[in-house]
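Subject: Structure handover

Hello,

Here is the structure you asked about. Please load it first, then read the notes below.

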Amino acid sequence: MNSGLDTQPISGPYPILRELGSLQRMIGEHQAKILGHKKRVEMIQATRQEKSAELAEKKALQKTKLLEIRRHENALAQSEENLGRAKGHSNEADATRQVESIEKEMLFLGQQISQLEEQTFKLIGESDILLVEIKEIEQYLTGSEKALKEVGHEVDSLIEADQLEIKNLEERFTEKLSELNAEFKNAFLHVVKKFGKGKPLAWFEEQRCDCCRFLIDRQTGIELSHGIHPHFCPGCGRLLVVR
Ligand SMILES: [Zn+2]
């Protein structure tokens with residue numbers, strides 16, 4: 001369409017710039033969507049990591065509880081054995097003092113046994129709670145692994161679709177860009193680079209930039225309406241486009 005001279009296609013530079021602007025916006029939207037898709041997977045992965053760490057912690061704690069239970073049970077068995085022995089002695093004892101001493105020991109052992117039984121019972125309860133929690137986390141991890149696979153597949157195809165859209169839009173973008181003369185092309189690429197993902201174009205309306213409301217001087221306004229040279233808004237630096 002462009003002869004390479006400073007002539008514009010019949011429609012002038014503004015429709016092309018407007019289309020380029022909207023193509024660029026659409027490309028940005030698809031890029032944002034891709035990030036959103038990736039975020040879905042990342043969130044599941046992050047929760048899974050958190051839960052796995054929690055699982056390891058609870059398993060270690062449960063192991064400690066089991067060791068404690070074992071220790072208490074051994075102590076309990078020992079105390080019971082001691083009590084049994086003391087009972088045997090008490091049957092054989094005849095001196096009052098000896099009987100008193102044995103009874104004292106039996107009382108102590110009896111208290112020790114009930115204390116150990118109570119502690120063991122408490123530990124078993126704690127261990128049981130941990131086992132339930134461990135099972136719950138394991139079930140969650142199994143379920144979320146499945147979900148992760150499913151979401152992963154879904155996200156992959158969504159990303160692929162968005163990437164294809166971006167590719168098509170970029171092709172149209174390149175095509176449209178080639179319809180601009182060098183001066184407008186450079187001006188457009190300049191603002192695209194300058195504003196990154198932001199809006200590179202601003203409408204020239206009622207003698208003002210619609211983005212920052214900067215009042216454009218009359219001479220520039222006339223030149224703008226002819227669309228011969230590109231003009232940047234002195235206020236915000238965007239490329240001015242006549243609607
Ligand atoms: Zn402006």
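Which residues of helix 2 are buried? They include L109, L116, L123 and V155. Buried means that 20 or more other C-beta atoms lie within 10 Å of a residue's own; exposed means 12 or fewer, partly exposed is in between, and C-beta atoms are placed from the backbone.

Two notes on conventions. This is a predicted model: local features need pLDDT of at least 70, side-chain atom pairs count only at pLDDT 80 or more, and totals for chains, interfaces and linings use all residues. Numbering starts from 1 along each chain as its sequence is written.

Overall layout

The protein has four helices and three strands. Both are DSSP runs numbered from the N terminus: helices are H or I with at least four residues, strands are E with at least two. The order along the sequence is α-α-α-β-β-α-β.

The C-alpha trace spans about 130 × 40 × 20 Å along its principal axes. The radius of gyration is 40 Å, whereas a compact globule of 243 residues would have one near 18 Å. That radius is taken over C-alpha atoms, and the globule rule is 2.2 Å times the number of residues to the power 0.38. Buried residues account for 14% of the 243.

Contacts require C-beta atoms, placed from the backbone, within 7 Å. Of the contacts between residues at least 6 apart in sequence, 73% join residues at least 24 apart.

There are two domains: domain 1 covers 30–179 and domain 2 covers 181–243. The bounds come from an automatic or database domain assignment. Taken over C-alpha atoms, the domain centres are 62 Å apart.

Helices

Helix 2 takes in residues 96–177. Its 82 residues should span 122 Å at 1.5 Å a residue, and the end C-alpha atoms are 114 Å apart, which agrees. The expected span is 1.5 Å times one less than the number of residues. Helix 1 is among the elements that cover the buried residues of helix 2.

Helix 3 is residues 182–195. It has 14 residues and reaches 20 Å from first C-alpha to last, close to the 20 Å expected. Its buried residues are F184, A187, F188 and V191. These cover an arc of only 95 degrees around the axis, so they sit on the same side of helix 3. The arc is that of the directions from the helix axis to the C-beta atoms. Their cover includes helix 1 (13–92) and strand 3. The face turned away from the buried side carries the exposed residues A182, N186 and K193. Just after helix 3, G196 takes a positive phi of about 55 degrees.

Two strands pair if DSSP finds at least two bridges between them.

Strand 1 (residues 201–205) runs parallel to strand 3 (residues 239–242), joined by four bridges. In that pair, L201 stands opposite L239. Strand 1 and strand 2 (residues 208–209) are antiparallel, with two bridges. Here F204 stands opposite C209. The hairpin of strand 1 and strand 2 has two residues between the strands, and E206 takes a positive phi near 45 degrees there.

Best regards

Technical notes:
Contact = placed C-beta atoms within 7 Å.
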